[in-house]
Amino acid sequence: MLILRCPYCGNDVDETDLAPGGEAHIRRHGPGSTDAELTDYLFQRENPRGVHFERWRHAAGCGKWFHAARATDTLQVFGTYSAQTTEPPQEIRDAITKARPGWSWREFS
Amino acid sequence: MSDAVSALGGVSFDGIARIEECGLQGMITLRGDLSDQALAAAVTRATGQKKLPEANRARVAGESGVCWMSPDELLLLVPYEEVGGRLEALVAALKDSHALAVNVSDARAVFRVTGDAAREVLAKLAPVDLSRDAFQPGRFRRTRLAQVPAAFWMEEDESFRIVCFRSVADYVFKLLKVAAQPGSKVGVL
Amino acid sequence: MSTRLPSHGRLIDRSAQVTFTFNGATMRGYAGDTLASALLANDRMMVGRSFKYHRPRGVVASGAEEPNALVGLGQGNRFEPNQRATTTELFDGLTAVSQNHWPSLDFDIGAVNTALARFLPAGFYYKMFIHPQPFWKHVYEPFIRKSAGLGRAPDSEARDADTYEHFHVQTDILVIGGGVAGLLAARNAALSGARVLLIEQTAHWGGRAPVDGGTVDGAPVDKFVEQIVSELETMANVTMRLRCMGAGVYDHGYALGYERLTDHDPDAPGPRHRLWRIRARRIVTATGAIERPLSFAGNDVPGVMLAGAMRDYVVNWGVAPGRRVVVATNNDDAYRTAITLKQAGVDVVRVLDARAAGGGALMEEARSLGIRVDPGRAIAKVSGGKRVKKVAICNQDGIGGAREDLSCDAVAMSGGWSPVVHLWSHCGGKLAWDEDRAHFRPDPDRPPLGADGRGFVVTAGAASGALALDAVLDDAAAAGKAAAKAAGHSPRRGKTPRGETTPEAAMEPVWLMPARADTPLRMKSWLDFQNDVKVSDVQLAAREGYESVEHTKRYTTLGMATDQGKLSNINGLAILADALEAEIPKVGTTTFRPPYTPISMGAIAGEARGEVFQPIRRTPMHDWHERNGADWEPVGHWRRPFTYLRPGETVHDAVNREVKNTRENLGLLDASTLGKLVVKGPDAGRFLDMMYTNMMSTLKVGKCRYGLMCSENGFLIDDGVVARIDEDTWLCHTTTGGAEHIHAHMEEWLQTEWWDWKVHVANLTEQYAQVAVVGPNARKVLETLGGMDLSKEALAFMEWKDGRIGEFDARVYRISFSGELSYEIAVPASKGQAFWDALIEAGRAFGVMPYGTECLHILRAEKGFIMIGDETDGTVIPQDLGLSWAISKKKEDFLGKRAQQRSHMTDPNRWKLVGLETVDGSVLPDGAYAVGEGVNANGQRNTVGRVTSTYHSANLGRGIAMGLVLNGPDRMGEVLEFPGTDGTVFKAKIVDPVVYDKDGEKQNV
């Protein structure tokens, strides 16, 4: 059972107080988008063994969504950060690089 | 004139801790920019608390106070009879701010847990570190009690006040009774 | 025979006699006994029968690893099967029964299986129960079901009489295991100031060190245990719990402790078990080691016991498992048993040491006591049915030609010791093969990893593979410090207590005794005592191509019994490795999964049983409904009245009465459960335009609009009436089930996509009690109560207004889900019951009746209104339901708009909503499919539609239904066939979904 630190209230929270929200940093494609873009947006997801970026909600707590960067194979948590961003912040990327040099995930590395 | 009634009419139970339903408590949910001076001033006028609480803290004196719910939400406590007037004043004071203030007094039930084993009663139901090192008077936490969302804070006398939704008041009271059953003291917190 | 000794017994209190029963026979033991030690003291060696062959089984171990001594404990509401006698503390009045035999333990019909053993080889079930297929239902399945399971399940009417609970606790260091290693590791960790929680599964500290002997800093080891326990007890940062087993280790330092509070004292108040849900920064597993049996023919005969266990029974409980004992070993430790037995006055007939050169100093000590030691010798075969009678001995390096028979009544065996690696392995810790000791031990370089990417489990003592006392203490001292350091504390420097014990000569692995035992011997050499898996079974599996240890496990059932192979796994995989001619570490182990030993279902459930099994949400009027005949329907966690039963009424009658009365007079519905979300801010209109398919920003203050919500996939997820409260505030009603997740849905979009939009949302669902006042007399009853003007002119259809009704502050929405004149009135929840009472009182003059959810459904179905969850199932878009009018054409965007443009969504052949009218007036079965021309690829008839809602309409006197039908709206009047499940076929005509008051005259008054 994971523990993640909610960056909004600062509590280290048991997984049972959290709700998972799937892959992070997905760009919305609305009217005007192509079928391929829509398919990517709605259905195509990363399934990495290793570094992954996810969305979580502190559902039974302060109610805020946040992002988490973690490793799916070891469950190492590289950090959690604001939901109000479209890409992982530099300090999170640095933390990942420190643990996993040469990592990459989608367009990020 | 019919009287307003709390969810369980003030039931209580004595086990390793005392469990009481507190009766009606005026409550206002306030969402807005907590760094806004106008908001802070309005909250002070509504609750008598001079400062807003820091994150994960409650500043409560009797039936009045302020609890930190999230970075953009406070729970204001006011006497039940006064909630209408206080809310009106609050809304008026915040008319130029982007804020939402609503009366939630009737949407909630409030319990008090007192006694030496109060920490342990809560620790049986909530995934929270309730040790003396971690949880002290003034500390406020939103979490769940078994299967329902709840929030609680610790008072100066190390008793707890718990807020949950009104519809599950009966469930929460029964949960607390099970957790406080005689003979169930853990003896570690 | 096994007897109580006049001496020894460090854990029993001979002044406190305890009475218990076994299979109805009254027996006596002492306080401090386990059930196993007390049974042995009463010469009850055989305590059960094995799973497959029903062979007699005796106590083989003294702790959690016991595979045989499983009993049913307690009676009635406290009966529990498969409880280990070795970990059951004796108390006065305990009742135990043995298992897996009929008619009695001593005479068992099923034992015939043992004669048929050669016809019941590994994989028997897979080979036998294949053909012919019809045999499955009537022959094979009943046979397997009857023979499956070991203990008797509790009576189906029994209800567990005890209570259970969970307890959440956080600590810096969790130490699992209270032997000398755990105690020392805990102390060293605690000296750093770290918070330490130390748990031990048995009822006493010190583990097996006091049995094994040795000294610490020159004093006997039990003195050391005493001292360190009292030292730990004085430390404020240390919590110690006995009878609390480390059950499992999980991600990020989560661990479960299983505390048995009253199993040894059933009359004590409080919960029976407590499941500790522990969060630890670091975990020290000081879980000791388990002795391995030796694989020789007849090693399952009652009286054959692990050497260490036999020593435990003598030292701890003053019980000699036999009068004449043969010891077989491949290591020095078993000599301690021989010496202990001899010193206790038991005749040690012979020590058979499989090592050609024999042992070291301990062997010499045994010899000096007059014990005969035969090096290079082995057991060829143990004879005896229900009790060991004699042992045939042979050379270890041979095929088992017997040289001599030794008469004896017990055999102590030792195949070496394996660290308990379970908890290390639960969360991914890896193992290394230790060639010298022939066991797997934790590989400290590959620990389970925590959130910080570093190892969060450290092993201490024998659990690390350090078996001798000096090594145990050194390892544990370092482990305690390492854990404290890793948890962010500074361990104190200090002297490590020096352990001293007789040095041991090297052990030699013995996987089969004798080494080249012939087939008849291998067919009697047991690996898994509980599941009856023999050396020959594993060898057969290997011959039949099972190379993976995981496959072999499942094929042979090795290690799949309730003991999870604690004794059998290493021996089994060594046999497999040998058969595959592979190295043992290459074959590897099966996966270790929690819990370490079985834990009670009650402990897992915790408080969640009976009244608090799950939350029941109650509206403010719940008690009134209960008192007035409510037949409850669960709606999410809410309970809503399905109907209100009057004395003598059937549900059908009650529903019909409510339906007619609401249409003719006046009905009241408790609608408090409907979601009520307030949405406010300068961008609220823009936001709601994204949330709903229709335009909400243009709604005028004081007006209401019915809205639809879709997911980004385009599918309909919720609906409800939205009211505009003021310039920047809207109130959105959701379905009963939707309040929480639509609130969450709105927050998600606001927080994660449009975080710069100025909108706040609050869930006010429970702030209000809401009552639907419905029917021709609705306005009249409200006018009787007095207060605000509710005339057609003052409050038109789809308008809302704040005001007073009678003495109540109320918000009134003139909306209708029934087609009747209808007001939905919200009052503060704390006055909900009073308001309801007032309506009932005033309504008497107008024929008032409360109505339930079934009546609500029928009224809406008569009007062709859809219901989320009936007409929708996550694959339905609004366009399917004739709701295109509620989809804005003007808006550039809303959630789901783009997805609804996909080719499959615009396909003209999507099934569409229609009304269905049975030809004979009957009620269509819910969910029935309409069949069309032709068959599909599987030869099944093609389907052309299905029923989504179906009821009997009392107003129309016939069945009414709605359904989704291929090209439905274009086929009005056509008759479809709906086959039922019983062979009948229902015929229904496609009609307009609105079957009552098509022009809406009734609500427009």
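Helices (H or I, at least four residues) and strands (E, at least two) are DSSP runs, numbered from the N terminus. This is a predicted model, in which local features need pLDDT of at least 70 and side-chain atom pairs count only at pLDDT 80 or more, whereas totals for chains, interfaces and linings use all residues. Residues are numbered from 1 along each chain as its sequence is written, while chains are lettered from A and ligands numbered from 1 in the order in which they are written.

**Residues 912-997 of chain C**

Select residues 912-997 of chain C, which an unreviewed UniProt entry annotates as "domain: Aminomethyltransferase C-terminal". Such annotations may be inferred rather than shown by experiment. The span is 0% helix and 56% strand, and its end C-alpha atoms lie 22 Å apart.

**Residues 172-423 of chain C**

Select next residues 172-423 of chain C, where UniProt (unreviewed entry) places the feature "domain: FAD/NAD(P)-binding". Here 24% is helix and 37% strand, with 18 Å between the end C-alpha atoms.

**Helices 5 and 7 of chain C**

Now display helix 5 (residues 180-190) and helix 7 (residues 221-233) of chain C, whose axes come within 10 Å and cross at roughly 35°. The axes are lines fitted to C-alpha atoms over the stretch in contact, and angles run from 0 to 180 degrees between N-to-C directions. Residues in contact have C-beta atoms, placed from the backbone, within 7 Å. Helix 5 of chain C contributes residues including V180(C), L184(C) and R187(C), which meet a set in helix 7 of chain C that includes F224(C), I228(C) and E231(C). By class, this contact has 11 nonpolar, no polar and 2 charged residues (Ala, Val, Leu, Ile, Met, Phe, Trp, Tyr, Cys and Pro count as nonpolar, Asp, Glu, Lys and Arg as charged, and the others, Gly among them, as polar).

**The contact between chains C and B**

Select 40 residues from chain C and 41 residues from chain B to show this contact. On the side of chain C, strand 9 (164-176), strand 37 (675-680), strand 41 (760-763) and helix 24 (832-843) each give two or more residues. Strand 9 of chain C gives the most, with 6 residues. The side of chain C comprises 16 nonpolar, 13 polar and 11 charged residues.

**Chain B**

Of the contacts in chain B with a separation of 6 or more, 62% join residues 24 or more positions apart.

Notes
Two residues are in contact if their C-beta atoms, placed from the backbone, lie within 7 Å.
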